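Please read it with the structure open.

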Amino acid sequence: MRDIIVGELTQAAYEIFRGFAHLLPRLIVMIVIVFVGWLIAYIVRAVLRSILKFAKFDRFFERAGASQMLNQAALPSPTELLSRFVFWVAWLGFIMLGINALGIGGLQEHVARFFFFLPRLVVASFLIFFGLLLASFLSRAALLAAVNANLPSPRVISVSTRILISVFVLSMVFEELGLAQQTMLVAFAIAFGAVMLGLAISFGMGGREIAQRFLEDRLVRGRRPVKEDEPSPF
Amino acid sequence: MAEESILSDDFIRQLMNVGEVDILIGVPTHNDARTVGAAIHAIQAGILKSFPRERAAIINTDGGSNDGTPDIVMGASISDVHRSFNGYTLRTLHSISTQYSRTPSSELALRTILSAADLLRAKACAVISPESTTVDPGWVESLLRPVYRENVDFVSPVYRRHKFEGVLLTNLIYPMTRALYGIRLREPYTTEIAFSNRLGCEFLLQHRWSQGSDEDPRMDLTINAISNGFRVQQAYLGERTQSGSQSRDLVTAMRQTVGGLFSCLEPSFPAWSGVVGSESVLTRGSEFDVTDGPLRVNRKQLKQMFSQGVSELGSVLQVILTAETLVELQSVASADEATFRLSGELWVKTVYEFAASYQKSVMNRNHILQALVPLYRGRMFTFLTQNRVASSAEVANDIENLCLEFERMKPYLLERWDGRK
Amino acid sequence: MLESHDPLWYKNAVIYQVHVRAFFDSNGDGVGDFQGLAQKLDYLSDLGINAIWLMPFFPSPLRDDGYDIADYWSVHPLYGTLDDFKTFLAAAHERKIRVIVEMVLNHTSDQHIWFQESRSSRDNARRDWYVWSDTDTRYQSARIIFIDTELSNWAWDPVSKEYYWHRFFSHQPDLNYDNPAVRQQLWEVMKFWLDLGVDGFRLDAVPYLIEREGTSCENLPETHAIIKELRRKLDEQYPGRMLLAEANQWPADLRPYFGTGDEFHMAFHFPLMPRMFMALRLEDRKPITEILQQTPEIPKSCQWALFLRNHDELTLEMVTDMERDYMYDEYAHDKTMRLNLGIRRRLSPLLEHDRRRIELMNGMLMSLPGTPIIYYGDEIGMGDNVKLGDRNGVRTPMQWSGGWNAGFSTGDPENLYFPLLQNPVYGYQAVNVLSQKRSPHSLLSWMQHLIRVRRSTPLLGSGLIEFLYPANHRILAYVRQLDGQTILVVNNLSSAAQAVELDLRRFKGNVPIEMFGGNLFPRIGDSLYLLTLAPYQFFWFRLRRI
């Protein structure tokens, strides 16, 4: 019996060492791939950063208000953000390739699924970035318009705008990622519909006369209502 | 010449029939049927009285009127076929019209007029708007004589105004233009101007024309004239009443005027950065003519909008203004109506900081301009209040002091400009 | 008289206005004469004209270039004899050239025997042949015509100690047409010349025949009655002869002189002429079209006489003050060129010796509705000399060659009635018939061609006119139509090339054939017809349906 146990153990150890011996080269390959991938990703990041700086990428986003938004979120500048994003995407890709090189069956399937998922992740990232940017931009625009139109509670309008758009963007992102699609869709539809219905009822009940006067002025007489509260700016 | 693509075939044909002219008067319109007839007749009378021997044409650039405005204009031609004028005329006087787009655009309207003036080699060109319901035949002479007979390149009008009319002009546009460019042009932004062929062609080439945008190039034209060595004069035109078809929406006005001015600052930086002080411009007639009289203004609302603006736009203003300036504005906003005062110095500082932030595009430029609107209302309130019982001379003096303040604080703008803080 | 089966011959005539003394001197005395004129009839025949209008050749003290007549029955000795005239007349008729004679009815010279008798005493039988008055205050509403030289229409006669009436120079007393004897006598005068064979009369100064208190003494009904009477007699006894009125009036005031076809056959369209010059300078057809729009229709048997220049100043009476100022500034900046509300210059100097403009103006002259009259010398582009005083600057000797006295006379240059033009541009060495005849491209050759084309069709003389009004105001375009035929005339009044779109759609299907070269132009279709013209160019197209 002792011989059988020793023999089995020896066999097992041999199997392990053999397996390890099979794995080791692939592991080395994986490490090399990951390392090379890191190098490439680093170079790509550096090149991309230089190109974006030369093209004044940050300045473009400054105007759109992206810099401000990122600052508020304690994020780096758009150039840096994009460069780092590209770096990580590239390196992750190489890591996945490296893992693939290990030749472990189940892992390969996951790797394939990862690569399949990657474009959607990129799209979702862009969606969330530009969506939040848009929300920020439009909320500021709403704030300014409300203030200049002397509407009550301009900040409420501004924040509501931002929330509405953010929610809309998030629901798009979830849909893109394929996470809880139906839930998000229904929740958004209900919330959006409720808000719109509320607005319509309140406007219909409270603003009927204003609406009538407005439409008469614009469509029937074809002139703009003249404000008499201020002298002409010219 | 790329700009010719904005001229339709039909318009080119009309220009071909007009031929070379000495005088060209552009009349931009949009649904001005009520006032354009009188304006055109006044222009005709002015041409026939002051330039009876010259080859002249009236060119209407229309932004999609649906009330028959272009037909009224074209019906005013004087020729052996059209007898719209009862008196005798030596020459044919063409009155033609083109629709540059289906929606009004100041930029396209002016560009079309400039293109037509270039193609017809007009020696002197004027733009007169039918929004002014008091267009007088004498305007033609006042605007065009210096250009046509005395080699002046640009003539800007001076109007008789109510002392509280045109606050944006008297408290911002005029003093800032004067301080920066060193020329005391009372109406840098106006609907009536005259310019020479030389200036018109150069502007047509140099200006960055966008396709039918909301921009108004009139400010740029004025800046171009006063910063590039062109001969500039002013002409007193007397009273001007506006028809009210023009929008008095302050945000739009701010965008067109202040936005136009701020946009010009960067490209013309070499022209204004070294200028110190200012000098007068030769003016035919009165240089400053102001009337008194009651004016119904809701001053309370002005103050309230200023205060609300400062408080609600804090997050926006802190990006545009320095911390000290913002604090000062907040302090002013908290004052009651009796003690409220947005001083000249604070106002100038605010405007300059806005200009610098605009140049650096700290945020969307439209938003920057919109953020200035409530602050301007505060300035308007102060101006109306402190001049409520002032005479015309006192108002003139007040504006002059503000101008000197703008001039005195110009280095502050330069510092913020160069420093890029 | 030239035998003619066409009573309306004057509608298709091309008339040449000439002064005998200026044309050709046959006897070396320095003054042109009838024998000389007869010798040059071949030249006129080659030119293509078919009627000559002779300026006054009657005996006269010549203080107004012969318009002060001292004897109606004879020829001034300087110009020859009555027989010379008859010989000339016969020779002209041989070449199928009609002769129109100047007849001054309104006044005579103060040297005329009638006036001498009239002024001799208040009881003289001819006293009433002129208009006398004790005072100079009558007819105050009558304007003074020669404003540069006369201060009043009355002149004091020291002989009979009364004032006499004169609408022109003071040495030209007006005849009294209220006197039937005067009317009868002048008819006898006309008969005399008609019997000799002249084909028509240009009646000078007709508006002024009659005076009435409280009126302008112009265009009065009584004047028209006199003319009707003259015409009636003419038609009865001398059918086919023509009366041409000289009446410097607005078209509406001229219209009565045609009556219902029972007064004058022709009248000068004075207001059109300065407007042609004005339109050219303005580069705008408006002055021409407007005056023709105001021109009333005339009886079918009547005809306008058109001209560019003549022996008088380019009159600016029938224009507005603004127009007059413009014309003075543009055409007579030198004030010595101005006289009596007019400009005393010839065609070529007025047009700055510009061949293109000379051609254009002649083209319009030949294609506008009316009978064209060419002033002698304008066919070669003769110049003028304002220093000769009065209107003599446009009456210098005809320039035949670059040789002795410009080929005008074999006499001494000092004896010439007026000195020749000498300057390098217009002098006789530069501008003369001989040198122009040698070149097929000279102005003279071109004028011959123009007249030939004009006379090739009766349409331009007799046809109706309808203006096209293209949007390009620098283009004067019109169609002439007669008996179903159409000629399209397009004139570019501008100094720059022009494009014009003409609405010819009602002539759709016609092919325009350019009349000078005979070449075809594209057929007229449904769209506007595009033409391009060089500076001052003009086209005559015959529209043919093929």
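Chain C is divided into domain 1 (113-165) and domain 2 (463-545), bounds that come from an automatic or database domain assignment. The C-alpha centres of domain 1 of chain C and domain 2 of chain C lie 55 Å apart. This is a predicted model, in which local features need pLDDT of at least 70 and side-chain atom pairs count only at pLDDT 80 or more, while totals for chains, interfaces and linings use all residues. Residues are numbered from 1 along each chain as its sequence is written, and chains are lettered from A and ligands numbered from 1 in the order in which they are written.

**The barrel**

Eight strands of chain C, in the order E1-E2-E3-E7-E8-E9-E10-E13, form a closed barrel with parallel pairing. Strands (E, at least two residues) and helices (H or I, at least four) are DSSP runs numbered from the N terminus, and two strands pair if DSSP finds at least two bridges between them. From one strand to the next the twist averages 25°, the axes being lines fitted to C-alpha atoms, for helices over the stretch in contact, and angles running from 0 to 180 degrees between N-to-C directions.

| Strand pair (chain C) | Bridges | Bridge partners |
|---|---|---|
| E1 and E2 (residues 51-54) | four | Val18(C) and Leu54(C) |
| E8 (residues 242-245) and E9 (residues 266-268) | two | Ala245(C) and Ala267(C) |

Strand E1 (residues 15-18) of chain C is covered on both faces, with Ile15(C) and Gln17(C) buried on one side and Tyr16(C) and Val18(C) buried on the other. A residue is buried if 20 or more other C-beta atoms, placed from the backbone, lie within 10 Å of its own, exposed if 12 or fewer do, and partly exposed in between.

**Core and helix H9**

The largest nonpolar core has 162 residues, and those with the most contacts inside it include Leu54(C), Ala245(C) and Ala267(C). Such a core is a set of buried Ala, Val, Leu, Ile, Met, Phe, Trp, Tyr and Cys residues joined through C-beta atoms within 7 Å. H9(C) gives the most to this core, with eight residues, and the core draws at least three residues from each of domain 1 and domain 2 of chain C. A second, separate core of 135 residues includes Ile23(B), Ala194(B), Met254(B) and Phe381(B).

Apart from residues up to four places away in sequence, Leu54(C) touches Val18(C), Val20(C), Val99(C), Ile100(C), Val101(C) and Glu102(C), where contact requires C-beta atoms, placed from the backbone, to lie within 7 Å.

Why is helix H9 of chain C described as largely enclosed by the rest of the structure? The reason is that 11 of the 11 residues of this helix (residues 272-282) are buried. Among them are Arg275(C), Phe277(C) and Arg281(C). What covers the buried residues of H9(C) includes H10, strand E10 (303-307), strand E11 (314-315), H11, helix H12 (347-350) and helix H13 (355-367) of chain C. Glu283(C), which follows H9(C), has a positive phi, near 60°.

**Contact between chains C and B**

The contact takes 17 residues from chain C and 12 residues from chain B. On the side of chain C that touches chain B, the elements that give two or more residues are helix H10 (286-294) and helix H11 (321-331) of chain C, and H10(C) supplies the largest share, four residues. That side divides into six nonpolar, five polar and six charged residues, where Ala, Val, Leu, Ile, Met, Phe, Trp, Tyr, Cys and Pro count as nonpolar, Asp, Glu, Lys and Arg as charged, and the others, Gly among them, as polar.

Technical notes: Contact = placed C-beta atoms within 7 Å.
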